Amino acid sequence: PPGLPFKASPPGLGNVAGSGWFVIRFPTASSLEFVPNNGGSSWDKANGNSNYILSRPGLWKLDSGRLENLQDQPAPKISPPLDGGTGGTDNGRQQAPSAPVASAPLAPAPAAAPRPAPAPMPITDARTVEVALSQLTSVEATQGIVLLYRSAWAAPHLHCREIGATWTSMPGLPIPRAGKALITDFEAGAGGNQEDESALFAVHLPTCSSLEFVINDGGPQHFRWDKAAGGANFSLANKGVFLISGGRLEKVVPPPPAPSRPTISSASKTSVSLTWPAIQGSVRGYRVWRDGALLTTVAGGRTSYMDSGLLASHEYAYTVSAVSSQGAQGPSSEAALGKTEAAGAPGMPEGLRVASASPKAVQLEWCCPTDTGGAPVTAYMIMRDGKALKTVAAVDASAQTAKNTWSDTSVKDGTTYSYSVTALHLPPEKDELRKTILRAREKLLAPKEKDFLLSIPAALNASPPAGPLEVQAVDELEVGTCSKDLKEQLKLKGITIYYKTSWQAAYAHCCTKAELGWTALPGVELTQSPTLAFPANEGWFVLYLPNARHLEFVLNDGKQAFDKLPGGQNYSVPFGGVLRINHGHLDRVALPPQVPLDLAAEAVGGSRISLTWRAPQVAEGEAPLAGFKVFRNGRVVCNCEGGATNTRFIDKNLFAFTDYEYSVAAVNNQGVNGPLSVAVPVKTDLPGPPSEPRNVRACVRKEAAKIRIHLEWEPPADCGGAPVAAYEVLRDGIVVSSVEVPTSRLRSEAEACQPMDPEAAGERRWIRSSCSYSQLSWFNDALEWSDEDVVDGESYSYQVRAVQLGPDRVDDVREGGLMQRCGSRFLENVLPDVVGPASSPAEVRAVPFLDIPRLGEQRPIIMFQAFDWGSCKAESWYTILLGLLPELRTAGVNMMWLPPPSDSVDEHGYLPRKWYNLDNHYGSAGALHRLVHALHAQEIVPMLDVVVNHRCASLQDSAGRWLKFEEPDWEGWAICCDSPAIPGGTGSRCTGEP
């Protein structure tokens, strides 16, 4: 290998010369076995992967796996290869290769071989075909070969030769469009329409007695080919007329004979039915003609047809012609005359509806009757309250679905009207519209022809009326102003919808009546509720439609989020009233609750006030009580659930020596607030000691190679009435440090706080927007301290206790305006060393967290997967792992892969709900805390499994969708707006695009 080299074929070798052809000569060889190759790894072998074998001398040609002796043929075969060559296909037709080059005399063959005879010249005489099929198929009229070709190509070409002769030059002879007479005889072209998608082409080759050919689209850049089945060339050995369609070549047979005259079987005002006998032989179908125009084509098995949509009292002539299986149409039958019956009254107008209504106009809409009575409907009469109001011209008497509209502008605001519409062949005698219509129709009539509408009796001129349709001249989608008082709103007419949602805006895509249709998206905008029972600051919106009596609607946010009833149903309000929608439930609003009774307030020390009251009676038309809302100085401080029996509340963490005012409102089971009770004033007493700090937690940190214990805690639940200005830190029961609340924090709160009512009397200026320590930002912030004086491996117990403001810092606080903020006198009577109880101890061992591995570090890490799918079923998997640590450390494990740590919907932890809640199916937060500390003591790095894009909501939003998250608090913005799993999200798309 690779063997002897081929040389490029020199000029003068005819169709085996030029690019792509190579030649090699063996002058002394009488037989040969060989395999061509490219000098590398590509080989060309015969079928069955065998070698090529030549058993005798000669001039041989190898092309596409075919080996042939050129001296055995009178002329070389130059057609495109039968395998279709290279390239794509078009509609299942194989694509031929590049055009072959005309043959030239071959190089001299060995002396023993005879010299081939010169090949005949290519075909050049191709003519168009203008005659009809009947003439074309006459043997006497046919000379040579006629090809009929159906194709969607714009310019097909015939690449051909007489058998044994030379091929035409590429792309071949153009095939012209068939003449009109021939097109009319065939279905192709749809009766002469040469713009039809599949056109008929025809070419006459008068000098040919045989033909080998393929058809292409004319190129010129990329040829598409139409060949016979299997990719072979088409071939004809005799003269005649032939049809090529769908890769089939067949001789055109004479068209079928004319059917017998059809019989008119029945006739009505608007239709004629006819039948005819089937003809002998195979036919594709029949074509039905009316007055010389093609009406339809029916399948071959049918011999009847009903012609509908006709005019009454008219005579029509029908003929039928048969269509052969090749699509050729035969002669038409004799004509049969059919006459429709006399015209009758038209049917009732269809689809009468109110397109729009307002105080200024009522617009009606309707369509032409399905049954016109056999004559055109040219006008309509509109009746209002039983009296003829207006006659209007039909929009289009020939269009059944054309919509007719008319507006009544003579209406009065709020008045109800009754409308009906009657269809007319012609307007009444004295109506000017009648003359206008007749003049327009006269231009379409033949000379001396009389308009047959004038012959229709008056009794048959009009249809039964459509209607009556009751309409009030108001805009049912007009938005009204909602009242602040729910009782007043309940007295108003129309429909009121209160809607609670977390959306920034809300819209109602709605429909008041089917005939009015739906509003354009997003619909009518809801406004923030001014009604005190449905406060806007709690997410309530309202839509008030004073003129609506029925409403079907869906709610949306103006973007992509929709709110419907469970199951995807629309909300529906069948009659007027006040309704509320919350969490996907639509309820009628009951009367609001009555005022709670006997509200009493009593100070309990300097930081607490105890409230008691009596529940009001539930009157007729009111909903049961669900609880109460407690207001301090006009702001809600508590929602007391538990029904009518929960009538006590203790307000904590207040300012000492401070005046407060309390009121209570009852809340029914619809969430509707009743009116506030009479406000009760009360003043707190002397301050007392604060309660213990909350949530004390300790952790070990290692910074700059030094161990320290870091503490965090939150302020006490009750400051005792005076500010907590410092915290004492106890280690093992001994005070080791004091943490002060910065004076600047107290001062900034004092300066930012403003009176709610600056114009009130001086003695009432204590009413502020911040009225308890619980509402101060610094009180809610976590505090921290670090103990650096610890010994590695030792255990410690830490506690924290709160210290009230003492005399040493009073002057600093006064400068910040605290006196003005709370209106209290306790700064004048502060006591030193007022210290609250110590918190629960936080136990910790001074074992530092291990440094996590980093990329590029040259130290071995052996990670142990410390859970599987069944670990969550153990009583406390964390405790089980705790007992395995010494053995794992001995085995060399220095990293442990722990399961997902958070509260989760699923038991495995991969659908986390509250990230900060570490109680889960693997154990408690305390057990995890002990395990992590023990891991660090064993120098094993803990690694938690957290999938950050896995998150499950804890609560449903106002539309009943799971879009409210807790710990951390998220809303719909955290969900992709096109999420298929959780609809209603408002975040970016799943692709990350806005």
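1. The side chains of Lys-403 and Glu-365 form a salt bridge, with an N to O distance of 3.9 Å, in what should be read throughout as a predicted model. The pair ties together distant parts of the chain, since Lys-403 lies in strand E30 (residues 403-408) and Glu-365 in strand E27 (residues 362-367), 38 residues apart. Lys-403 is exposed, with a relative accessible area of 53%, whereas Glu-365 counts as buried at 12% relative accessibility.

2. A second salt bridge joins the side chains of Glu-429 and Arg-434 at 3.5 Å, N to O; Glu-429 is exposed, at 60% relative accessible area, while Arg-434 is buried, at 13%. Through shared partners, salt bridges also join Arg-353, Glu-365 and Lys-403 into one network.

3. Arg-261 pairs with Glu-334 in a salt bridge whose closest N and O atoms are 2.6 Å apart. This pair, too, links distant parts of the chain, with Arg-261 in the loop between E17 and E18 and Glu-334 in the loop between strand E24 (329-332) and strand E25 (336-339), 73 residues apart. Arg-261 is partly exposed, with a relative accessible area of 47%.

4. The axes of helix H9 (residues 877-890) and helix H10 (residues 925-937) come within 9 Å and cross at roughly 15 degrees, which makes H9 roughly parallel to H10; the crossing is left-handed.

5. On the surface, Ile-861, Met-863 and Met-943 form a nonpolar patch with about 220 Å² of accessible area together. Met-943 belongs to strand E61 (residues 941-944) and is partly exposed, with a relative accessible area of 32%.

How values were computed:
Residues are numbered from 1 along each chain as its sequence is written. This is a predicted model: local features need pLDDT of at least 70, side-chain atom pairs count only at pLDDT 80 or more; totals for chains, interfaces and linings use all residues. Side-chain values use heavy atoms; hydrogens and water are left out. Patches are made of residues with over 30% relative accessible area and no salt bridge: like charges are joined within 9 Å, nonpolar side chains (Val, Leu, Ile, Met, Phe, Trp, Tyr) within 5 Å. Accessible areas come from the Shrake-Rupley method with a 1.4 Å probe; for residues, only the protein chains shown count as cover. A salt bridge is a side-chain nitrogen of Lys or Arg within 4 Å of a carboxyl oxygen of Asp or Glu. Helices (H or I, at least four residues) and strands (E, at least two) are DSSP runs, numbered from the N terminus. Buried means under 20% relative accessible area, exposed over 50%, partly exposed in between (1.4 Å probe, protein chains only). Axes are lines fitted to C-alpha atoms, for helices over the stretch in contact, and angles run from 0 to 180 degrees between N-to-C directions. Angles under 35 degrees count as roughly parallel, over 145 as roughly antiparallel, 65 to 115 as roughly perpendicular and the rest as oblique. A crossing is left-handed if the near helix is turned anticlockwise from the far one by less than a right angle, and right-handed if clockwise.
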